Amino acid sequence: MTSISSSAPTVDVDGITTTDMPYPSATRAGDIVYVSGQVSFTDDGTVHGEGDVTAQTLHSLSRLARVLDAYGATLDDVVSCTVYLKEASLGGAFNAAWSAGFGGHRPSRATVVTELLDPRLLVEAGAQPSWWGRGM
């Protein structure tokens, strides 16, 4: 059974969010952690994999994993995600990268095709919610 190691209601993960941003990396409510959407920014603010949905998806998932780690959790603990994809035509490559990033784990997912805030970004993924304490 996985447990949440952080007792903080919100967490800012270095290189992902800071306290001067309008949202945290994640918010905890009991045994549920809501992870803010993760995009393909690097720690220095550049875009990783510009123009490449596979690279951006895998990088977004690595950032999601970093946030989960602050709570002692992994991608295997995610049960539901919301994803924003810039174009429907990217769906096939995105799905392949998503499956590779999660391995054999298959959380439920809603995918919305929409314009993202930065035109260089192709995908944004957040875990909403993630549940730790499987079997409870």
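A residue counts as buried when its relative accessible area is under 20%. In this predicted model, H59 has a relative accessible area of 18%, and is therefore buried. H59 sits in helix α1. Leaving out residues up to four places away in sequence, H59 touches V39, S40, F41, T42 and H48.

Helix α1 spans residues 53-69. What does α1 pack against? One partner is α2, at an angle of about 35° and with the two axes 9 Å apart. The crossing of α1 and α2 is right-handed. On the α1 side, the residues in contact are V53, T54, T57, L58 and L61. They meet A93, F94, A97, W98, G101 and F102 of α2. Sorted by class, this contact holds eight nonpolar residues, three polar ones and no charged ones.

Now turn to the sheet. Three strands make it up, in the order β5-β4-β6. The sheet is open, and its pairing is mixed. Strands β5 (108-113) and β6 (123-127) form the edges, each pairing on one side only. From one strand to the next, the twist averages 15°. Strand β4 covers residues 80-85 and runs parallel to β5, joined to it by six bridges. Within this pairing, C81 of β4 faces R109 in β5.

Helix α2, residues 91-102, packs on this sheet. Its contacts reach β4, β5 and β6. The direction of α2 makes about 145° with that of β4.

Setting aside neighbours within four places in sequence, W98 is in contact with T57, L61, C81, V83, R109 and A125. R109 is in β5.

Nonpolar side chains tend to be buried together in soluble globular proteins. Here the largest nonpolar core has 26 residues. Which residues have the most contacts inside it? They are A26, V35, L64, L68, F94, W98 and F102. The core draws on several elements: β3 (32-35), α1, β4, α2 and β6 each supply at least two residues. Helix α1 gives the most, with five.

Technical notes. Residues numbered from 1 in each chain as written. Predicted model: local features only at pLDDT ≥ 70, side-chain atom pairs only at ≥ 80, totals over all residues. Heavy atoms only, no water. Pairing = 2+ DSSP bridges. Helix = DSSP H or I, 4+ residues; strand = E, 2+ residues; numbered from the N terminus. Axes fitted to C-alpha atoms, helices over the stretch in contact; angles between N-to-C directions. Contact = heavy atoms within 4.5 Å. Core = buried A, V, L, I, M, F, W, Y, C linked by side-chain atoms within 4.5 Å. Buried < 20%, exposed > 50% of the residue type's maximum accessible area, 1.4 Å probe, protein only. Left-handed = near helix turned anticlockwise from the far one by under 90°. Nonpolar A, V, L, I, M, F, W, Y, C, P; charged D, E, K, R; others polar.
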